[in-house]
Structures are given as C-alpha cells and as structure tokens.
There are 2 protein chains.
Amino acid sequence: MQTLNVDLGDRSYPIFIGENILGQSDLLVPYINGQQVMIVTNETVAPLYLEELKKGLVEFHVDVVVLPDGEKYKNSESIDKIYASLLKNRHNRKTTLIALGGGVVGDMCGFAAASYQRGVDFIQIPTTLLSQVDSSVGGKTGINHPLGKNMIGAFHQPNVVIADTKTLTTLPERELSAGIAEVIKYGLIRDMPFLSWIERSISALLSCDQDTLSKAIYDSCRNKAEIVALDERESGCRALLNLGHTFGHAIEAHQGYGNWLHGEAVGTGMMMAAYMSEKLGWISNEDLQRVEKLISSANLPVKSPNNMTSENFVEYMSLDKKNVDHRIRLVLLKALGDAVITSDYPSDVFQETLLNSN
Amino acid sequence: MQTLNVDLGDRSYPIFIGENILGQSDLLVPYINGQQVMIVTNETVAPLYLEELKKGLVEFHVDVVVLPDGEKYKNSESIDKIYASLLKNRHNRKTTLIALGGGVVGDMCGFAAASYQRGVDFIQIPTTLLSQVDSSVGGKTGINHPLGKNMIGAFHQPNVVIADTKTLTTLPERELSAGIAEVIKYGLIRDMPFLSWIERSISALLSCDQDTLSKAIYDSCRNKAEIVALDERESGCRALLNLGHTFGHAIEAHQGYGNWLHGEAVGTGMMMAAYMSEKLGWISNEDLQRVEKLISSANLPVKSPNNMTSENFVEYMSLDKKNVDHRIRLVLLKALGDAVITSDYPSDVFQETLLNSN
C-alpha cells in the first residue's frame, strides 16, 4: 500500500492506494469522529463492495443510501434523498458520510456533507479510475443544474481517501479508458516523465494490471495534490487541471449528461486544446500527433460529436466557471508538459478549432 | 453612523449601522469585487427599498430576483430560482449577491452565494430588526428541509453588513417585537447592563425611536460578534446564542413555518428556558418574573401553543443540530446574564417544563 499526503494545513488528509484495502478498519476508524456513519453509494457498486466496506465499520451505527447510477442523477433530487435519510435516521453534526462509488457519488456525497447542518465530516472511497485519480482528491464537491454542469457545490475536503485498485477489475472497459483520460491530463499539463511512462504503460493499464494502476493513481494524485496545495480554491494555477474540460463540458452538456462519459469528453477536449495550441504555433505537429496517438491508444474519442456546431460549443462554453467578464478562458499547451490558462487568443483560431473538431 | 468590526481573520468584515444608509454607494462599492451584482429580495421589501439600493450600484451590471415573502418559502425551490437567474444572466465567480430583506432573504441569499459555483461574494442589507441584530451577522446561511429547520446550509461570511434603521419604520409591529426577542436574548445570556437598558428602553424601541434602535442593534451585534469571533463554526460557546431556540424551533416546526414568527417562538422558548432554570434552582422566582415581564412588555407570547403536547416538543427537539448522540442539549440560565449549554439535567424537570408551557 502507498500513502500520499494532501497538504492543506488543518485540512490535510492522507490518500491510501492499494489492492484490497477497502474494508480495512484500521484505515477507516481513525478518521471517524462520532458514532454515526452514512454510506452513500449507487445500485451498481452496492452489490459489489457495500458488504466489504461495512465489515470495517462494525463499531459504528451505519445507515446506507443507494442512489441510481449515472451522471444524470447528479442533481438536487439525489441530494435530497441523502438529506432525507440523514434526517429520518437522526444523524447529528458528528456524523460521517462515506462516498462509495465513482465521481458522481463522491461529488454528491461531498456536497451533502458540506451542506448538511452546515457541514459534517466525509470520507472518499472512489471505485472508478477517474474518481481515484481526480475527483476524490482536492475537495471539489457539487451537483449539476439543468442550466450547467457542477454549477452548485462547495469546497469541502474529505478526512481520508481510500483508493482500492481491486475495484477497478469490475469497471467496464469504457470507464477505465475514461479514467485514463485524466491520467494523461497530468502528464500533458506538468509532468513529461509521467507522460512518457503512460505511453509505455497504456496496455498494462487497459488490462488492469494492479501495480501499473497503482503507480498511475499515485503519480496522478501526487500531481493533483501539489496543485491543490498551492491553490485550494482555484484562484490561480488549479485551473490548469481543467485541460480539455471546457471543451469537454460543452460536449457533455450538449449530448445530455451521461451519454458521453466525462473522461471521453475530456479526451476529445484535450485533443481540441492540443489542436488549438498547434494552430497557435505553441506545439509542433509531431507533438499534436503524439497526443492524438496516446488518446486513441487509450480507446478514447478524438473527434467531437457530429451533431455539434461551433455555436453549440460557444453557447455552453460561455457558462464555464473559469470565465471572467464574458471572455472564454481556456487551458492550452505552451509545450507538452506545460499548460497555461489564457483568455487572450485570436478568435479565428478558436473558431477554426471548433469547426474542425468533428 | 456607527461601525462595528467582526473579527474573523481574513474573513473579517464591518457592520455599518445608521439611518438612511441603504443606498450609500461609498458603503457598498468598496465591497464589490467584480462587475456583476445580483440583488435577492422579496415582494414586500422590493417596492420599498429596491430602487434606493440600486441608486448606489449604478456602476455595476445589476440583476434582481424577487422571491415571495415568508419563512415557508425558505426552501430548495426558492434557492433554485436564485441559481436559475444567476445562470440565465451568466453570472460568473466574481459576481456579488446582495441580500435585501429579512432573515429569510439573508439566509437563502447567503446559501446561494455559498454554493453557486462553489462560493461567491455576498453582502447583507437586513431590513428587519431580527436580521439586523442576529441573522445577518456571523455567516450562518441555509434553508429549511421539510424534516427540519435550517438543516441545509453553510457557514459563509458576508463582505459587509449594512443595517439601515430607517427600514424599521415600515416594519409591522409584530415583526419589530420578534426582533426585540433576539435583543433580549443577548442581555439574558451575557450582558446584564444591556438587559437593564432594554428594560428601561422597551417603549422607545416599540415606538421605533431611531437612536434607541441604533444602540440596541449596536450592542446586540457587539455581543454576537464577540461570540462569533471566539467560535465561528459553533463547536463551543456559539451555541449560547441559541437560548430559547431549541424550544422555539419545535414551536415553529409544529405550527408550520411562518405561522409563529421566529422571534415569537424564541420569546416563548426563552420563557421555557427561564422556567426550567428556576425549577433547577439556578435562578430565583423573582428573576423568572423579571424575564416574563420583559418578554410580555415586548408584546411577545410567553405561553406555547395550546395544541402542542410534550411529545410534540420532544419529537422536534430530538432533531436539533446541537444534540450529540441522542441527548437533547439545552441553553439554560445559571443566572440572569449567564447562560450555559447542557445536556445534563433531570428529565422530570424537562418534562415539567414542557407540560407547563402552555
């Protein structure tokens, strides 16, 4: 098992990464302060891992909320189910919520914990690669609004993150690839040695080799933890983590949440960011081809949906949280392994990127 | 005009108290960081003060959400109206929300600001006595859930609070009295000189004398700011501010939110706390009569609703956020001007208090 510390002063917490660690009570118990626990999970994950987790929690009063599975349920109705169960079961301020599932479960459970009785403790047990390398770390929580993705939420750090690589063996191939998109992201924005390692390791990752996954998760979380420690509330460099996400969110929103997986949209979004960076003369055509080859080799889409016009992109991208005073801010690549945040670019290059993306 | 500072490190902010200061741009502009402003108000307050406030905001892009008036609208639907208006009008992370209204508007607007795009700036312009002396100060925001009052929310401090005493001249008498309940509370829990002053000043307060109101607001906010600075997130002494509130919340919830005003329920709740404190031998019968006389003289109810049984009280009080591990925690009076938080009391005295309250 590997341990990584997220350094945020009095809100610091460890990430434990390893095989078969999900129900280890010695990793859980020290991070639970009261006697009540509420596990939030979904219909897909509950039959696989709920009982195993409960074995590590025998000394607590445990309630469970099982939500339907999917991004389209990341909304106010699901949050209300969590609130209602907490209130009916009389959970007090000392309760601890545990998110057992992917990014959707983690984001919702985290926001419920941030807002129930003005904030209670929570623990992340991510069971998808995407949530293990990205969404479970850093304290971003929230839900979608019909008018925009992740528009309602809070910064609320977990007490501990437990990433059990064994859970990835039951993950559908498409979701494993979606997770690899975020792994590739860390290489592209700030870590060339890691990018080269991912290129060499892509087959082992896709075949779910436990040690290779463990290293991918550790290095992804290390990069993320370093950025979050510098800029917890995303007033600066944390926005670099959104490489591919501004384009990607537009794809997700336009296609209807859940039809494209988040990681798939990010894969295409990173391709669009790389294309635009090449058109700006920042990266070479060889670099662009290298990015395309890696994203393709992870079985991720490199083209945006056929039914999306450039107007569709602009409409959704105008709502992005990173924008300031009506300029669309983008994360682009000054070089491979060196991303920047900018709203200063020629609009014709932006338009060309949108037009040529599908 | 008087100024009081709430000392919370990098979240410190001033409270301005005075007559006709609502639309003074020099009190507003320094506390707005972006170009967008969203005023959240209600149908009663908007016709009275919205235009005056807008005069101080001519240099900003201003949108307005007007909500229906009343505690029963302090729910997720109203919050969603604020989110939808922010998104439709493309408000970004640099937006500032301004709450113009009473405690309900302030709590909802504050929670919308805490959760929109994971947190944006907000300003409190309370227009009721209750919100000027209590709810606008200290950063508690939230909404009610059908299963419990103020169960969903966040701690989110405003950038500035502007308490214009002139707005109290248009306040219904019943609401003025409800505000005086919270003023009395500060005297009872920690400030005997202030309690004596309130006893002497009750007629002037009820007749809306501007200077007397200004002093009542200043001393109330001073007491509250001192407590909040010691314990922002209510892990200790901040719970003293809930004198009368645990009983009171049960009354409000049982009667249906809005039928009893919050301050009226707190008035009766403080009587119940005083009664129980007298039965415990902590305060004298003369003290109890003094409390009853003061609450009555403010035109507040001293008896709980006839239709409430002790079981009704216990049912609602069991859900209180202050409770730890199923014991009902109460704020009681060791002496006048000296409140304590305790869950250690004989249950027969508690039962007697409930039975004799109406």
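In this predicted model, the contact between chain A and chain B draws on 32 residues from chain A and 32 residues from chain B. On the side of chain A that touches chain B, α3 (76–88), α4 (103–115), β7 (140–145) and β8 (148–155) each contribute at least two residues. The largest share, 6 residues, belongs to β8(A). By class, this side of chain A holds 12 nonpolar, 12 polar and 8 charged residues.

How are the two chains related? Chain A is superposed on chain B by a rotation of 180° with 0.0 Å of shift along its axis, at an RMSD of 0.0 Å. The two copies are therefore related as by a two-fold rotation axis. Both copies use the same surface, since 100% of the contact residues of chain A recur in chain B.

Within chain A, the domain assignment gives domain 1 (2–169) and domain 2 (173–355). Their centres, taken over C-alpha atoms, are separated by 25 Å. The contact between them involves 30 residues from domain 1 of chain A and 31 residues from domain 2 of chain A. On the domain 1 side, β1 (2–6), β2 (13–18), α5 (129–135) and β8 of chain A each supply at least two residues, and α5(A) gives the most, with 5 residues.

The largest nonpolar core has 224 residues, of which A:Val40, A:Ala112, A:Ala273, B:Val40 and B:Ala273 touch the most other members. Apart from neighbours within four places in sequence, A:Ala273 is in contact with A:Leu243, A:Gly244, A:Phe247, A:Leu330, A:Val331, A:Leu332 and A:Leu333. In soluble globular proteins, nonpolar side chains tend to be buried together.

Helix α6 (residues 173–190) of chain B has 18 residues and spans 27 Å from its first C-alpha to its last, close to the 26 Å expected at 1.5 Å a residue. Most of α6(B) is covered, with 14 of its 18 residues buried.

A:Tyr218 lies in helix α8 (residues 210–230) of chain A. Is A:Tyr218 buried or partly exposed? A:Tyr218 is partly exposed, because 18 other C-beta atoms lie within 10 Å, whereas a buried residue needs 20 or more. Leaving aside neighbours within four places in sequence, the contacts of A:Tyr218 are A:Gln2, A:Leu4 and A:Ile17. From A:Tyr218 to A:Ser304 the separation is 86 residues in sequence and 30 Å in space, C-alpha to C-alpha.

Methods: Residues are numbered from 1 along each chain as its sequence is written. Chains are lettered from A and ligands numbered from 1 in the order in which they are written. This is a predicted model: local features need pLDDT of at least 70, side-chain atom pairs count only at pLDDT 80 or more; totals for chains, interfaces and linings use all residues. Two residues are in contact if their C-beta atoms, placed from the backbone, lie within 7 Å. Helices (H or I, at least four residues) and strands (E, at least two) are DSSP runs, numbered from the N terminus. Ala, Val, Leu, Ile, Met, Phe, Trp, Tyr, Cys and Pro count as nonpolar, Asp, Glu, Lys and Arg as charged, and the others, Gly among them, as polar. A residue is buried if 20 or more other C-beta atoms lie within 10 Å of its own, exposed if 12 or fewer, and partly exposed in between; C-beta atoms are placed from the backbone. A nonpolar core is a set of buried Ala, Val, Leu, Ile, Met, Phe, Trp, Tyr and Cys residues joined through C-beta atoms within 7 Å. Copies are superposed by least squares on the C-alpha atoms of residues with pLDDT of at least 70 in both. The expected span of a helix is 1.5 Å times one less than its number of residues. Domain bounds come from an automatic or database domain assignment.
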